[in-house]
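Here's a quick briefing on a two-chain model. Have the sequence and coordinates open while you go through it.

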Amino acid sequence: MTAPLLEIEDLAVRFDTEDGPVEAVDGLGLRLAPGEILGLVGESGSGKSVTAYAVLGLVRPPGRVLRGSIRFEGRDLLALPEAELRRVRGAGIGMVWQSPRTALNPVLTVGHQIARLLRHHRGLPPRAARERAVEMLRLVGIPEPERRARQYAHQLSGGMCQRVMIAMALATQPRLLLADEPTTGLDVLVAARIMELLKDLGRRTGAAILLITHDLGTVAESCDRVAVMHAGQLVETAPVRTLFRDPVHPYTRALVAAIPRVDREVALEPIPGAVPSLLHAPPGCRYAARCALATGRCRQERPALLPIAPDHQVACFAAEPVA
Amino acid sequence: MSIVLRVERLVRHFPLRGPAAWAARWRGAPPPAVRAVDGVSFAIAEGETLGLVGESGCGKSTVARCVLRLLDPTSGRIEFEGEDLAALRGDALRRRRERLQMVFQDPTASLNPRLSVRDMVEEPLRLHTRLAPRERQARVAEVLEEVGLGRELMDRYPHELSGGQRQRANIARAIATRPRLVVLDEPTSALDVSLRSRVILLLERLRERHALSYLFISHDLATVKYLAQRVAVMYLGSVVEEAPTTELFARPLHPYTRALIAAVPVPDPEARRERLVLSGEIPSPIAPRRGCPLRGRCPLEREACAAEPPLREVAPGHRVACHLV
């Protein structure tokens, strides 16, 4: 096995709220190999985005990283000084945010924004940076890139803005791309093209992608491996085929059963209950209150994430006897 | 089955202002306009859900707003319970609102932040019905129960509700007057996975119980497939294909429909599916068009496509506007 590009161990992120501490991410472990696409899925409030923020060192008060390590190319990002971290953020890790229009600077032309990044992180002279910015826009499939480079975010459609974000994230040739719901809110045809683009660029530049989404369809079509989060904890991780063929954790099964789909007739079954409040997180399995299989043990004791097959880990007592 | 809503050759253009319009007038050319809806026809029977799908900018929300008469159509007929809504004005139109309601995409923006759940659900009853105050209160309690909002939430304000509860309040308000037709414009798009499936099931249950008809507008094909009995696909202001839902998904005929369905990701990594890819972007709805609206993007394009294809019936209830079918 190749050395992991990104290795998160026992990560915990706490937010100190007026009502008490909330552990939005609790004991998360993830590995991402170079060139791999890992899908991080779960409902709103499961801690997916907070995980991405932690990787970028962008957790701000009232939030803080409580414990754990985030190793990127062998270096612990949590131990790096801010100046050093800024270099990693721009040049080593690229980020595609959820709402492209608000993530872009409204008072700079998109070409200028990309060029600025290149001057700062790659040290390119102004003219070369401008040319490379146009080239990046062409690479992500924006027609008439010279003209578009001179335009502002409000002059572009949602899909265009998202492509600009991707161009920006990839301009410095990062080894890791964090994509937080990159296609949410986009029309299907545009979304399909954005995903093709991400996969293709990942293949071409060898960048690994951490794809944060609640859309299992996108995961199935794009990812190599999947990690399922519930209430701040990892409940299952497996290669994509395994996860969809034999989902083991009841939450993973419930997620798959809760979505209408175009490829077959399904009886829609909403996931029972809601993501539990993390203010008073239950001591046992955090899914227990929603789970049809829960026993007394599940409510008392927290199941550990254990391997049930090579590269397939599950945190559920019901899955343990398989061995 | 009786027809509740029949829309015929609905057109809505938004005339442009400014230099482009002056230039056109000076040249004696027809005034430029955004042709948002360009001759759309469909009908919805009692107890039926018609799904209206298409990408942003295809005109589906403009159709909805014309049906509700929030916008005045440029031309065409909107026959609701046998009466042409397009010709009604003022009071006469307002009286129809009791039978014609709506739910919008953003559950927060469509609620008045200063009204409690009780007041906002009562409001349409006060405006559109002759129910006595006591009857109104009984009706409010009844519909809140139907949408699954408990009594303890009655006196809450929108900011005290979760996203799912807000959308339930919107639905309660829409069904309070016992309408025959509810226009649903992307009612589930702003919701998270688990809430979405619950709202879908709620809408389905209400339709069955009250024989409601829905005009369901969405770009989410999977949800449309679940809820609608029939689907109309819009592109650039026109309906390009319409069919019973099972037929449309099993045998989509128009290249645009095929591309749309093929682009929806399915949660099955081993699925083998057709891939039909359109090139380019949706053209501007301002430019006058000649021939098939999909011209220039369609991989199957032939010479015949230079002429505009009529919407014709190719199987019972299956209409398609394509020369190649």
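A:Glu73 sits in the loop between S4 and S5 of chain A, and it has a positive phi of about 50° despite not being a glycine. Helices (H or I, at least four residues) and strands (E, at least two) are DSSP runs, numbered from the N terminus. Keep in mind that this is a predicted model: local features need pLDDT of at least 70, side-chain atom pairs count only at pLDDT 80 or more, while totals for chains, interfaces and linings use all residues, and side-chain values use heavy atoms, with hydrogens and water left out. Residues are numbered from 1 along each chain as its sequence is written, with chains lettered from A and ligands numbered from 1 in the order in which they are written.

**Backbone and sheet in chain A**
- A cis peptide bond links A:Pro61 and A:Pro62, with omega at about 10°.
- A:Pro62 belongs to the loop between helix H1 (48–55) and strand S4 (63–72) of chain A.
- Four strands of chain A make an open sheet in the order S2-S1-S4-S5, paired antiparallel; strands pair if DSSP finds at least two bridges between them.
- Strand S2 (20–32) and strand S5 (75–76) of chain A are at the edges with a single partner strand each, so one side of each has no neighbour in the sheet.
- Strand S1 (residues 6–17) of chain A runs antiparallel to S2(A), and ten bridges join them.
- A:Thr17 has A:Gly20 in S2(A) as its bridge partner.

**Where the chains meet**
- On each side, 36 residues are in contact: 36 of chain A with 36 of chain B, contact meaning heavy atoms within 4.5 Å.
- About 3,300 Å² is buried between chain A and chain B, and carbon and sulfur atoms give 58% of that; buried area is the accessible area (1.4 Å probe) that two parts lose on being put together, summed over both.
- Five salt bridges are counted between chain A and chain B (a side-chain nitrogen of Lys or Arg within 4 Å of a carboxyl oxygen of Asp or Glu).
- One of them pairs A:Arg241 with B:Glu270, the closest N and O atoms being 3.8 Å apart.
- Helix H8 (188–205), helix H9 (216–222) and helix H10 (240–245) of chain A each supply at least two residues of the side that touches chain B.

**Annotated domains**
- The unreviewed UniProt entry places "domain: ABC transporter" at residues 6–256 of chain A; such annotations may be inferred rather than shown by experiment.
- Residues 6–256 of chain A are 43% helix and 28% strand, with end C-alpha atoms 27 Å apart.
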